[in-house]
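Student: I would like to learn how to read a protein model. Could we go through it one feature at a time?

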Amino acid sequence: MRLVVSLSLLLGAVLAGCQSIDGGDNLEKGVPYPLSVKEIATVEKGLREQLPYQGVLIFGPMAASKDSKGYVSVCGTISAMGGYGGVMYKRPYVGMMVDVKPLFGFVPTVISDDSSIGQSAVILTCSRMGIAI
């Protein structure tokens, strides 16, 4: 529980410090950031921990950007098979890598629902951060 609270506070602080682009939002367009094998595994672990799903999770391509403060944002897609709900079709997600001692991990900010509006919002958020999914 302490880890969840710490990560929530850290994510809030990170998001509060983001600079504005395009005048109206608080997202900074980052530069492309290549994820290491360890970071990809960390993203997958973070998503597994946040999804109460008993089936098989299928991770699609993921991409990342790094902003001027060094924060790494990750976007990608996730699908699922089996479990309680049968098939969960491809859903986009966005989140941040956390690397503040002693914490290291991935914190998903949003995992889209099945609606086209929800998916479009996540894709637009990723685009504004310089990530194409």
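Tutor: Start with the disulfide, a pair of cysteine sulfur atoms within 2.5 Å. The torsion about the S-S bond of C75 and C126 is about -100 degrees, so this disulfide is left-handed. C75 sits in strand β3 (residues 72-81) and C126 in helix α3 (residues 116-128), so the pair links distant parts of the chain, 51 residues apart. Helices (H or I, at least four residues) and strands (E, at least two) are DSSP runs, numbered from the N terminus.

Student: What should I know about the model before going on?

Tutor: This is a predicted model, in which local features need pLDDT of at least 70 and side-chain atom pairs count only at pLDDT 80 or more, while totals for chains, interfaces and linings use all residues. Residues are numbered from 1 along each chain as its sequence is written, and side-chain values use heavy atoms, with hydrogens and water left out.

Student: How far apart are the sulfur atoms of C75 and C126, and are these residues buried or exposed?

Tutor: A disulfide is a covalent bond between the sulfur atoms of two cysteines. Here the sulfur atoms of C75 and C126 are 2.0 Å apart. Both C75 and C126 are buried. Buried means under 20% relative accessible area, exposed over 50%, and partly exposed in between (1.4 Å probe, protein chains only).

Student: How many bridges join β2 to β3?

Tutor: Two strands pair if DSSP finds at least two bridges between them. Nine bridges join β2 to β3, and the two strands run antiparallel. They form a hairpin with five residues between them, and G70 in the turn has a positive phi of about 95 degrees.

Student: Which residues have the most contacts inside the largest nonpolar core?

Tutor: In soluble globular proteins, nonpolar side chains tend to be buried together. A nonpolar core is a set of buried Ala, Val, Leu, Ile, Met, Phe, Trp, Tyr and Cys residues joined through side-chain atoms within 4.5 Å. The largest one has 16 residues, and V43, L47, L57, V74, I78, Y93 and F106 have the most contacts inside it. Apart from it lies another core of seven residues, among them C75 and C126.
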